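Subject: Structure for you to look at

Hello,

Here is the structure I promised you. Please open it and keep it on screen while you read my notes.

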Amino acid sequence: MSLQSNVWAIAGKWVSTIAGALHSVLTVVVFLLLDLLDTVFCLIYRFIDEYLEGKRKKPCYCEKRDGNGRTTGEIQLSETMWGRRNVFRLMGARLPSKRLKLQPVDCKKSSDDCGTTAGRWSDCRCESCFSWTRNGDGRKLHVVVREPSSSAAGSGESTENVIFVHGFLASSSYWTETVFPNLSKNQNYRMFAIDLLGFGESPKPMDCLYTLQDHLQTIEDSVVKPFQLTSFHIVAHSMGCIIALALAAKYSGYVKSITLVAPPYLARSEEEESSLRALEKIAKKRLWPPLMFGAALMSWYEHLGRCICFLVCRHHRAWEKLLMLLTRSRNVHFMLRDLTRHTHHSAWHTMHNVICGGARCMDEFLEMVSRSGAKVFVVHGDQDPVVPLQCSVNMKRKFWDNDKQLTLDVVWNADHTSVIMGREKEFTRRLEHIWKESSGSCPPYSLQL
């Protein structure tokens with residue numbers, strides 16, 4: 001039996017090695033074809049855009065910009081947008097077009113400069129996606145506000161403010177459909193669930209580059225300043241954690257607690273390479289699992305990603321009707337609906353300028369938050385394939401020596417979505433305890449694993 005077991009073990013190793021080699025070869029072939037297709041669609045879109053839009057045509061990022069292109073005034077751009085490797089560009093293939101030079105527009109200027117125009121021919125123009133162009137303010141975010149209950153408001157206790165920031169390709173529904181319905185009665189909290197710039201029902205300006213500064217500025221102009229917030233808690237998921245930390249760093253004296261769910265933290269190495277390194281980690285070119293293949297496809301290939309947005313996002317109403325017909329349901333699940341409520345322009349620039357470009361800012365934000373003394377709570381699933389648990393572990397080890405300021409809750413058998421979905425009540429109770437603990441009104445929380 002021992003000899004037979006050894007034979008089977010050796011055979012299993014050979015099969016695993018061969019399967020791994022075949023997968024590697026197939027990966028190279030598939031992404032080589034995608035390199036070619038993206039180059040072809042670059043030519044196609046240039047022709048269509050110029051024909052339909054003329055002078056309004058926006059340049060793509062297929063050609064390297066003059067200089068490093070990373071900074072124009074106060075606008076921080078990620079080098080991943082034009083530093084992505086493409087075999088045909090590396091071979092010196094030149095597209096038959098003159099060099100295009102990017103002329104970014106600062107979204108802190110007037111609404112006319114910030115792209116209140118209709119958008120591109122490939123974007124959806126339904127009532128929901130197009131309504132923001134008619135409100136006269138191209139920078140005003142869509143915010144869902146939940147006021148405290150009347151009984152709690154009359155109790156004499158001061159009202160606590162909480163700002164919720166969603167992740168990539170999501171919206172305020174991520175919180176209004178999970179946390180808001182499960183809040184305890186008589187809670188004296190005023191909730192602000194925002195749709196980030198370019199997502200949900202918020203504006204999707206074409207002349208904006210969706211930098212971290214743009215997202216931070218619109219949150220200030222839509223929530224912090226209009227509601228005159230002088231203290232607040234922050235809750236964020238995934239990509240929203242980067243924006244939340246930027247907000248917390250700027251308003252360190254106002255923040256009472258920060259709850260980060262699956263934060264995409266990557267320890268900074270060389271500043272010039274941090275964004276490209278983040279792209280390699282977050283959207284590594286691989287075929288399996290399918291979620292990671294989709295992330296790689298949408299992150300590395302500008303024009304193929306635009307094709308998918310044209311087929312799915314532009315026709316989302318038809319897809320929603322088809323799904324309701326097939327499932328015999330009156331409504332489409334909010335997560336599926338949110339996947340289509342953006343433009344390729346907003347998603348592409350947010351992905352690169354916030355997720356990848358934010359990698360070089362995370363350490364600075366965390367250092368400021370650490371010095372401020374604000375309570376930080378991190379929740380992470382141990383089976384998360386999108387943002388590995390090691391990200392949160394590394395963040396804790398680098399900036400906090402003990403659990404007095406940062407608490408890391410590991411949710412076992414949970415991934416990037418199920419860390420909240422499916423356990424909404426438990427997660428909401430945890431949030432309520434965090435807010436009370438940060439205010440000194442309850443004893444420390446003990447996580448039941």
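Below is what was found, from the whole chain down to single residues.

First, the ground rules. This is a predicted model, in which local features need pLDDT of at least 70, side-chain atom pairs count only at pLDDT 80 or more, and totals for chains, interfaces and linings use all residues. Residues are numbered from 1 along each chain as its sequence is written, and side-chain values use heavy atoms, with hydrogens and water left out.

**The whole chain**

The protein has 449 residues, and 50% of them count as buried. Buried means under 20% relative accessible area, exposed means over 50%, and partly exposed lies in between (1.4 Å probe, protein chains only). The accessible surface is about 21,800 Å². Carbon and sulfur atoms hold 57% of that surface. These areas come from the Shrake-Rupley method with a 1.4 Å probe, and for residues only the protein chains shown count as cover.

There are 17 helices and 9 strands. Both are DSSP runs numbered from the N terminus: helices are H or I with at least four residues, strands are E with at least two.

Now the contacts, meaning heavy atoms within 4.5 Å. Take those between residues at least 6 apart in sequence: 78% of them join residues at least 24 apart.

**Residues 20-48**

UniProt lists residues 20-48 as "transmembrane region", in an unreviewed entry. Its positions are given in the numbering used here, feature names are shortened, and annotations may be inferred rather than shown by experiment. In the model this stretch is 100% helix and 0% strand. Its end C-alpha atoms are 41 Å apart.

**The sheet**

Next, find the open sheet of 7 strands. Its order is E3-E5-E4-E6-E7-E8-E9, with mixed pairing. Strands of a sheet pair through backbone hydrogen bonds, either parallel or antiparallel. Here two strands count as paired if DSSP finds at least two bridges between them.

Which strands sit at the edges? They are E3 (143-146) and E9, and each pairs on one side only.

Go through some of the pairs:

- E3 and E5 (residues 189-194) run antiparallel, joined by 4 bridges. Val145 has Phe192 of E5 as its bridge partner, and Val144 stands opposite Ala193.
- E4 and E5 run parallel, with 5 bridges. Glu160 is partnered with Tyr189 in E5.
- E7 and E8 are parallel over 5 bridges. Ser257 stands opposite Lys375 in E8.
- E8 and E9 are parallel over 6 bridges. Val378 stands opposite Leu408 in E9.

Two strands are mostly covered. In E8, 6 of the 7 residues are buried. In E5, 6 of 6 are.

Axes are lines fitted to C-alpha atoms, for helices over the stretch in contact, and angles run from 0 to 180 degrees between N-to-C directions.

Helix H17 (residues 424-438) lies across E4, E5, E6, E7, E8 and E9, at about 155° to E7. Is Thr428 buried or exposed? Thr428 is buried, because its relative accessible area is 0%. Its contacts include Thr178, Val179, Asn182 and Leu183, not counting residues up to four places away in sequence.

In helix H16 (residues 389-399), the buried residues include Leu389, Val393 and Phe399. The buried residues of H16 pack against E7 (255-261), helix H15 (362-372), E8 (375-381) and E9 (406-411).

**The cores**

A nonpolar core is a set of buried Ala, Val, Leu, Ile, Met, Phe, Trp, Tyr and Cys residues joined through side-chain atoms within 4.5 Å. The largest one has 68 residues, and Leu247 and Leu260 have the most contacts inside it. Its largest share, 9 residues, comes from H8 (residues 240-250). Apart from this core lies another, of 24 residues, among them Phe164, Met191, Val261 and Phe334.

Which residues does Leu247 touch? They are Ile163, Leu216, Ile219, Val224, Phe232 and Ile234, not counting residues up to four places away in sequence.

Best wishes
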